[in-house]
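Let us go through this model by question and answer. Please keep the structure in view.

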Amino acid sequence: MKKLKIGIVGTKFMGRAHSNAFKKAPLFFDLDSELVLKVACGRNEASLKEFAAKWGWEEVETDWKKLVARPDIDIIDIALPTNLHYEIAVAAASAGKHIFCEKPMAMNGKQAEEMLRVCETNKVKHYLNHNYRRVPAVALAKKMIEDGYVGRIFHWRCAYQQDWIIDPEFRLTWRII
C-alpha cells in the first residue's frame with residue numbers, strides 16, 4: 001500500500017479536526033493509500049510538540065517554507081485562517097505537493113484562480129474540504145436524486161444545524177502560525 005506523507009500547517013481548531021479526520025478515515029473508508037502524519041507545523045514550538053504528541057505527528061517544524069521544501073512530503077494540509085491559504089498553497093503546489101485546504105479557499109476569486117492554475121500547471125491534486133461531502137446520509141440523498149427517486153428538483157434549501165457556539169460567551173481566537 002502506498003504511503004502518503006502529510007504535512008499540516010496549523011495546529012489549532014482546524015488542525016485538530018483535520019488530524020482527527022486523517023486518523024479516523026481508515027475506519028470509515030477503504031483507502032488505497034496509508035495516511036502518514038509526518039510533520040506538524042506551527043509557530044510555538046512548545047505547543048507544537050504537545051499537538052504532535054497528542055495527535056500522532058512524527059515530527060515538528062516551525063517554518064512552513066521548510067516544510068513545503070521537504071522532498072518526503074506528499075500533501076500539504078492548510079488548516080489556517082483564510083488570509084494565509086494563498087501563499088502557502090501556491091508555494092506547495094509549485095513544489096509539487098498535493099493540497100488539502102480548509103475552506104474558504106481564498107480571499108477572492110483572483111487568488112482562487114491562481115491557486116488552481118498553479119496546481120494544474122504542476123499536475124498536483126487540490127482538495128477543498130467540505131465536511132459532509134462523504135457522510136452516508138448525504139451520499140444516499142445524492143444517489144436518490146440521481147436515480148430519480150425523489151422526482152425533479154426545482155429548489156433546494158438546507159441549513160447547517162450546529163449549536164456548539166451559540167453560547168454568547170464563546171470566543172474563538174485565531175493565531176497566525
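This is a predicted model: local features need pLDDT of at least 70, side-chain atom pairs count only at pLDDT 80 or more; totals for chains, interfaces and linings use all residues.

The questions below turn to the sheet and then to the salt bridges.

Reader: Which residue in strand 6 stands opposite Phe-100?

Author: Strand 5 covers residues 98–101 and runs parallel to strand 6. Three bridges join the two. Opposite Phe-100 stands Tyr-127.

Reader: Is Glu-102 buried or exposed?

Author: Its side chain meets that of Lys-103 in a salt bridge, at 3.4 Å, N to O. Lys-103 is partly exposed, at 31% relative accessible area. Buried means under 20%. Glu-102 has 6% relative accessibility, so Glu-102 is buried.

Reader: How far apart along helix 5 are Arg-117 and Glu-114?

Author: Their side chains meet in a salt bridge of 2.7 Å, N to O. Arg-117 is partly exposed at 43%, and Glu-114 at 24%. In helix 5 (residues 109–121) they are three residues apart, which means about one helical turn.

Reader: Which residues do salt bridges with shared partners join into one network?

Author: The structure holds nine salt bridges. One of them links Arg-70 and Asp-72 at 2.7 Å, N to O. Arg-70 is buried at 17%, whereas Asp-72 is partly exposed at 26%. The network joins Lys-38, Glu-58, Glu-59, Arg-70 and Asp-72.

Technical notes:
Residues are numbered from 1 along each chain as its sequence is written. Side-chain values use heavy atoms; hydrogens and water are left out. Two strands pair if DSSP finds at least two bridges between them. Helices (H or I, at least four residues) and strands (E, at least two) are DSSP runs, numbered from the N terminus. A salt bridge is a side-chain nitrogen of Lys or Arg within 4 Å of a carboxyl oxygen of Asp or Glu. Buried means under 20% relative accessible area, exposed over 50%, partly exposed in between (1.4 Å probe, protein chains only).
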